[in-house]
Amino acid sequence: MTSAAFPAARLRRTRVSAWSRALVRETQLAPTDLIWPLFVAEGQDQEEPIGTLPGVSRWSVDRLAARAREARDLGIPCIALFPNTPRALRTEDAREALNPDNLICRAVKAVKDAAPEVGVLTDVALDPYTAHGHDGIVDARNYVLNDETSRLLVQQALVQAAAGADIVAPSDMMDGRVGAIRQGLEAAGHVNVQIMAYAAKYASAFYGPFRDAVGSGGLLKGDKKSYQMDPANGREALREVALDIAEGADHVMVKPGLPYLDIVARVRDRFDVPVFAYQVSGEYAMIEAAAAAGAGDRDALVLETLTAFKRAGCAGILTYHAPLAARLLGA
Ligand code: PBG
């Protein structure tokens, strides 16, 4: 590539005016890029604020419908639902995950009734249902068993699909679960239910507020390093993504988001499936804390970080700031 040198080249020329900056902008952020994660709790007419996620609440199923309509009206194409399972229903075998009338299934039905044009993504993992807070079944040494867990995840995904989930998103990091879930969905006739694989999901310190929100944080014994990825590894993420695509993932996700944009960019370069990133709870909390401390402007921080995801190559972003961002983008 040849390029002129100064003064023929003055890169500030195109930056002088807003019209010109708009004309040469390489990436555009739009409400259609956003997936809005929402927390669900038991009860009637309930909104429970989450202390470590200021501005985010758990909603009872009856009030979730209004959030789904809000998403539709803001032009947000998809919401992601996460249940806070009552403590008494959390067991060693996570059987509540397979109950077709559990909290998440009732929530899916309610939002599909209220706003059928909004896509609904459900998380496939056992952590909201286990007494120990791990994403799978553990043995006597607290090791999460891969194949036993994977079999349950297939059943969990089928229960969610039957309730009306449009996208099932395995977030557990068991080996082979994407292929098993795809096979299960095909066999059950759910041929158009999409799989968004949490393909490169890291054992991160940024998930704390989420674990408070779904009530698994206080229960968690040990850490998740025997199944989630080591934050030091990049090439391994490409292997994870390749496997999930080969097993039938429609989309792949990188998680957390901002500290892992290098992974997003590498995945985008190498593969032709849509890539998503999850700007996770701890990232949201950092932005809120910075804004509250006067260290930055919330709206600007939100739009800049979300634009960075697009620049890195994301097809879309899961973010708790989705409704704020959609409003700022003038939906
Ligand atoms: C559970 C799950 C987690 C998140 C999404 N699904 C937490 C974890 O793996 O411990 C984190 C999302 C966030 O922090 O916003 N499998």
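**A guided look at some residues and a ligand**

Visitor: Why does arginine 67 count as buried?
Guide: Its relative accessibility is 16% in this predicted model. Buried means under 20%, so arginine 67 counts as buried. You can find arginine 67 in helix H2, which covers residues 61–74.

Visitor: What makes the pairing of the side chains of arginine 67 and glutamate 70 a polar contact?
Guide: The distance given for these two side chains is 2.9 Å.

Visitor: Why is asparagine 142 called partly exposed?
Guide: The relative accessible area of asparagine 142 is 27%. Buried would need under 20% and exposed over 50%, so asparagine 142 falls in between and is partly exposed. Asparagine 142 belongs to the loop between strand E5 (119–124) and helix H4 (146–163), and its phi is a positive value near 70°.

Visitor: How do you know that alanine 249 counts as buried?
Guide: The relative accessibility of alanine 249 is 9%. Since buried means under 20%, alanine 249 counts as buried. Look for alanine 249 in the loop between helix H7 (235–246) and strand E8 (251–255).

Visitor: Now to the ligand. How far is a polar side-chain atom of lysine 201 from an oxygen atom of the ligand?
Guide: The distance is 2.6 Å. The cut-off for a polar contact is 3.5 Å between N or O atoms, so lysine 201 and the ligand are within the limit.

Visitor: How much of the ligand does the protein bury?
Guide: Taken alone, the ligand exposes 400 Å², and the protein buries 100% of that. The space taken by the ligand is the largest cavity.

Visitor: Which residues come nearest to the ligand?
Guide: Of the 18 residues around the ligand, those are Lys201, Arg211, Lys224, Lys255 and Tyr320. The shell divides into eight nonpolar, three polar and seven charged residues.

Conventions:
Residues numbered from 1 in each chain as written. Predicted model: local features only at pLDDT ≥ 70, side-chain atom pairs only at ≥ 80, totals over all residues. Heavy atoms only, no water. Near = heavy atom within 4 Å. Polar contact = N/O pair within 3.5 Å; in protein donor to acceptor, adjacent residues only side chain to side chain. Areas by Shrake-Rupley, 256 points an atom, 1.4 Å probe, with all protein chains shown as cover. 1 Å grid on protein atoms, 1.4 Å probe; cavity = no way out; pocket = protein on both sides within 12 Å on 5 of 7 lines; lining within 4 Å. Sits in = over half its atoms within 2 Å of the grid points. Nonpolar A, V, L, I, M, F, W, Y, C, P; charged D, E, K, R; others polar. Helix = DSSP H or I, 4+ residues; strand = E, 2+ residues; numbered from the N terminus. Buried < 20%, exposed > 50% of the residue type's maximum accessible area, 1.4 Å probe, protein only.
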